[in-house]
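This briefing concerns the sequence and structure shown below. It is arranged by topic.

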Amino acid sequence: MSNGLMEIKAISGHRGGTPGQGVSRDYDVCKLVDTTTCIGCKACEVACLEWNGYEFRDTTFDNTYQTMPDTAWNFWNLIRFNEVDNGDGTVSWLMRKDQCMHCEDPGCLAACPADGAIVQYRNGIVDFNQANCIGCQYCVTGCPFNIPKFNSVTKKVYKCTLCSDRVGAGLEPACIKSCPTGCLHFGSKEDMLALANQRAAQIRDNTSHKNAGVYDPEGVGGTHVIYVLHDKDKAEQYSGLPQDPSVPFFVKMWKGPLKWLGGFGIAFGVLGVFLHHVRYGAKQVDKEEEVKP
Amino acid sequence: MTTGAITRSSTATPHDEVVRYDFSERATHWVNALSYSYLLLTGLALFTPYLYWLAYVFGGGGTIRFWHPWVGLVYVATILWMHSRWKADMAPIPSDAEWRKNIRNYIENRDELVPAQGKFNAGQKQFWWVMFCCTVILLVTGIIMWFPEWFSNGSARSFHWVLPLVVFIHSATALVTIAAFIIHVYMSIWMTPGSMKAMMEGHVSTRWARAHHRLWYDKVVGGRK
């Protein structure tokens, strides 16, 4: 993690190994959200607002357990609620903590044209730097999870930082700290994946959810926020969690082939007309020719 | 021997010249050209990091993000004005096909082999219609790109997929206009002497009119006789 360079390597006058030897010291951080133990208490929503210094917003009551319809520029963490008919006379209340997924292959960063407005840290956190943001919202276009939100007053885009300010100081994100059921965990990606898989196996073995599994979508290179789902093949029923997200095809085409085609096309176009001039010159109108009025 | 008189070259038409563009045509063309140039340079700034320095030239990324759509509306307005003014002259005529067959002769300056043309030759018409169609596409996609937040909230979230498509089409269409623009600027400044004067001062020599736009020349000079 962030203090990896300060890991103890040797200790004077000490018998045996050093403390922490063999413990995972991956740079990658990860947030694990176990949807099966979320009770929808919204403590994480409050903790997020408090730590990031945003005022509480008006909530919308729409006969569900969801605070408001969507995340907002100043509301980065929303427990989405969906009631699902299981088809056997029972229903499930699915709660999903929605926030930036901190993709390993971030579509927002690929789409952003502003130098330094989005950075991806080596630990996996994808962070917006509003000082460099120009408000074009190409990140909105590039995000497969619909996360970045525009502030029409500041003309900047905001989203969850995975509490990069806390993680940089060796603390866990604010939401993790507030969770009363232990459905939120934070650690290295390796450790969180292991924990998530262990939990998914436990659910499969001990409950009727025989298809429980871990959501760590490959299409975006994996994410630094992962879910344990009751049914790993029904991500969509968690209020629109994409089953197989990826950086949009046309964003890849636009930032890949089209960019190079355009750049070379313009360069060769300018060169082409210049060479035309060198070869054929101008269309001089014959000045000798008499024109009868 | 000079008389010392100042010729008002841009307000009076000399006797051996013919009016090609009146003031409103020229003014509209140049407002269009300036707005296009701004859109081109600020658009390129957002298209590739290698040209992002252009954003600073025009006041910074936030500034160009704010003005690009508004200047785009000015550009569209002038295109629409030119359309209403020139659509008759831009309509295809039978000899256009013949001209296109001879495009190689035209490019290689063997103009004596190219069929006589009206006020605008078939190539100019093609340029115009490419720019006109691209402008319509750029307008529609540009308005969506102006307010992408429409597609990131509420029920419109399900239409989020249009955003990547729209951004791609906007960029690709802009590249088509850039190709046309490079040719247009080259031809006006270097390839066809006299055409710059036509758009600046409004008139061309009768010789020029006869050489480049014989059918139009016959019409205006014939009518003047």
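In this predicted model, strand β9 of chain A pairs with β10(A), residues 225-229, in the antiparallel sense over three bridges. Strands count as paired if DSSP finds at least two bridges between them, and within this pair Gly213(A) has Leu229(A) in β10(A) as its bridge partner. Helices (H or I, at least four residues) and strands (E, at least two) are DSSP runs, numbered from the N terminus.

- The open sheet consists of four strands in the order β8-β1-β10-β9 of chain A, with mixed pairing.
- Because β8 (184-188) and β9 (213-215) of chain A stand at the edges with a single partner strand each, one side of each has no neighbour in the sheet.
- On average, neighbouring strands of this sheet are turned by 25° against each other, direction ignored.
- Helix α6 of chain A (residues 189-206) packs on the sheet and touches β1 (29-34), β8, β9 and β10 of chain A; its direction makes about 140° with that of β8(A).
- Axes are lines fitted to C-alpha atoms, for helices over the stretch in contact, and angles run from 0 to 180 degrees between N-to-C directions.

**Nonpolar cores**
- A nonpolar core is a set of buried Ala, Val, Leu, Ile, Met, Phe, Trp, Tyr and Cys residues joined through C-beta atoms within 7 Å, where buried requires 20 or more other C-beta atoms within 10 Å of the residue's own, these atoms being placed from the backbone.
- The largest core has 78 residues, and those with the most contacts inside it are Cys112(A), Cys139(A), Leu184(A), Ile226(A) and Val167(B).
- β10(A) gives the most to this core, namely five residues.
- Among the residues that Cys139(A) touches are Cys108(A), Ile118(A) and Val157(A), with residues up to four places away in sequence not counted.
- A second, separate core of nine residues includes Trp208(B) and Tyr217(B).

**Contacts between the chains**
- In all, 40 residues of chain A are in contact (C-beta atoms, placed from the backbone, within 7 Å) with 42 residues of chain B.
- α8(A) supplies the largest share of the side of chain A that touches chain B, 11 residues.

**Confidence and conventions**
- The model scores ipTM 0.88 and pTM 0.90.
- Residues are numbered from 1 along each chain as its sequence is written, and chains are lettered from A and ligands numbered from 1 in the order in which they are written.
- Local features need pLDDT of at least 70 and side-chain atom pairs count only at pLDDT 80 or more, whereas totals for chains, interfaces and linings use all residues.

Conventions
Contact = placed C-beta atoms within 7 Å. Buried ≥ 20, exposed ≤ 12 C-beta atoms within 10 Å, placed from the backbone.
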